[in-house]
Amino acid sequence: MKNCLAFLLLLTVTAASAHGPLPARPAAPSDLVRTGLTDSDTTAGGVARLCEQVTFSRGLRYGGSEANVLDVATSETTKADTPRPVLLIVAGDTFTGDRGAPELSRDMQDAAMCFAARNGMIGVRVNYRLAPAATWPMGASDVAAALSWVHGNIDLFNGDAREIVAVGYGAGAFHVASLLAHPELQADRADVAAVVLVSGLYRAGKDASDSEKAYFGNDAAQYDKRSVYPGVLNVDEPILLAWAANDPADIVAQGETLKKTLCGAGHCPRATLLRSHDGIAAAFGLDGSGDSLAEPTLLLVHQLEARGLP
């Protein structure tokens, strides 16, 4: 399979030109003003500028459904001799998807992938099946299958399968957390080194939205069993938790409850309050105020890399 995929990549991937010595590690946090996103990067033109010299490999199939595809983003900084960490992005504004502005959502996810590539990582964006056609636990199962693909193939992009940081945004945060919380959903080699959970719902309630009901079902008596509790309390991987100041009140409460519960279990996550709820690209924005995911995510990656140092 790898030989076939490598041949396909040779046909479809255009290499970017070299620009001086390659960094041995992702950019240090002090370099983020240069390499991170800014507010202007969330526009279409800004995304194009941010993604200059970033190479995308699109539509790589990891499962049997037409929706089971992923994209990989690389750059010259990821072609060093040392395998690079992987930032795996699972995003979704709702469980039924963003049908109002899908192209904008894709651009913003591309921007997050370019943030990874420009900071010495491999960016991977996972597309997965949506409700109502796909109900619980198909979202988490798709993430598991995508992770298995990454473990088996990311070396073709010089990625390090031992250093996968899974970023779940919105509904994607639930799918990532749910996968870790329910071992029975985990496929072969579906492990990650760390997780970033952003503006997620972690337990549906009796006042569930139509989108949530489409995924979890109409029987509220099943919601607790289909939540991330109590399994998330057994997660050993480092967790970075975030939500935005202008998130809906129930999402803020979900984040605060998850943080409090994890801290009570002795696994207190680092928590970040974001400036705004404007999509995953804005979540990685940086204006020097330190209230984005850029710096804490790169710090997390550096900590993972430091595990193998003497």
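Buried means under 20% relative accessible area, exposed over 50%, and partly exposed in between, with a 1.4 Å probe and protein chains only.

## Basis

This is a predicted model, in which local features need pLDDT of at least 70 and side-chain atom pairs count only at pLDDT 80 or more, while totals for chains, interfaces and linings use all residues. Residues are numbered from 1 along each chain as its sequence is written, and side-chain values use heavy atoms, with hydrogens and water left out.

## Sheet

Strands (E, at least two residues) and helices (H or I, at least four) are DSSP runs numbered from the N terminus; two strands pair if DSSP finds at least two bridges between them. An open sheet holds 8 strands in the order S1-S2-S4-S3-S5-S6-S7-S8, with mixed pairing. Strands S1 (54-61) and S8 (270-274) each have a single partner strand, so one side of each lacks a neighbour in the sheet.

Strands S2 (residues 69-75) and S4 (residues 122-126) run antiparallel and are joined by 4 bridges. Val-72 has Val-124 in S4 as its bridge partner.

## Aromatic pairs

Rings of Phe, Tyr and Trp (its six-membered ring) pair if their centres lie within 6.5 Å; planes under 30 degrees apart count as stacked, over 60 as edge-to-face and the rest as tilted. The whole structure has 8 aromatic pairs. Phe-95 and Tyr-215 are stacked, at 5.1 Å centre to centre and 10 degrees between the planes. Phe-95 lies in the loop between strand S3 (84-92) and helix H4 (102-118) and Tyr-215 in helix H7 (residues 210-216), so the pair ties together parts 120 residues apart in sequence.

Tyr-215 counts as buried at 2% relative accessibility, and Phe-95 counts as buried at 5%.
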